[in-house]
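Okay, thanks for coming, everyone.

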Amino acid sequence: MEHELRAIEERYEHLAAELADPAVLGDRKKYEKTSRAYAELEPVVEASKTYRRLKDELGQAREVLDESAGEPELVEMAK
């Protein structure tokens, strides 16, 4: 799944670069098509970024739990 999300993010970045290209800006049909594709991917890319951030936070919380087994305050904070 993560591989597919990375591929979508790369496509999104490519589309963003195309939207800044003067050749695309000068071609109304290509600009509209590129803009539509970019807009369709935006929610997926935002969700992917959120997913990765939360996954990282979960990993950090698990590390705190593992390292602080004898410290109830830190364990509670990590939960």
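Quick housekeeping. This is a predicted model, where local features need pLDDT of at least 70, side-chain atom pairs count only at pLDDT 80 or more, and totals for chains, interfaces and linings use all residues. Residues are numbered from 1 along each chain as its sequence is written, and side-chain values use heavy atoms, with hydrogens and water left out.

So, what's in the chain? We have 4 helices and 0 strands, running α-α-α-α from the N terminus. Helices here are DSSP runs of H or I with at least four residues, strands are E runs of at least two, and both are numbered from the N terminus.

How much of the chain is buried? Of its 79 residues, 19% count as buried. Buried means under 20% relative accessible area, exposed is over 50%, and partly exposed is in between, with a 1.4 Å probe and protein chains only.

On contacts, meaning heavy atoms within 4.5 Å: if you take those with a separation of 6 or more, 43% are between residues 24 or more positions apart.

Now helix α1, residues 2-20. Buried along α1 you'll find Leu5, Glu9, Tyr12, Leu15, Glu18 and Leu19, and their cover includes α2 (22-25) and α3 (28-67).

Look at that glutamate. Glutamate 9 is buried at 9% relative accessible area, and its side chain makes a polar contact with the side chain of arginine 52, at 2.5 Å. A polar contact is a pair of N or O atoms within 3.5 Å; within protein, one must be able to donate a hydrogen and the other to accept it, and residues adjacent in sequence count only if both atoms are side-chain atoms. Beyond neighbours within four places in sequence, glutamate 9 also touches Val45, Ser48 and Lys49, among others.

Last stop, the rings. Rings of Phe, Tyr and Trp (its six-membered ring) pair if their centres lie within 6.5 Å; planes under 30 degrees apart are stacked, over 60 edge-to-face, the rest tilted. That gives 1 aromatic pair. Tyrosine 12 and tyrosine 38 have ring centres 4.3 Å apart and planes at 10°, so they're stacked. The pair links α1 to α3, across 26 residues. Tyrosine 12 is buried at 10%, while tyrosine 38 is partly exposed at 22%.
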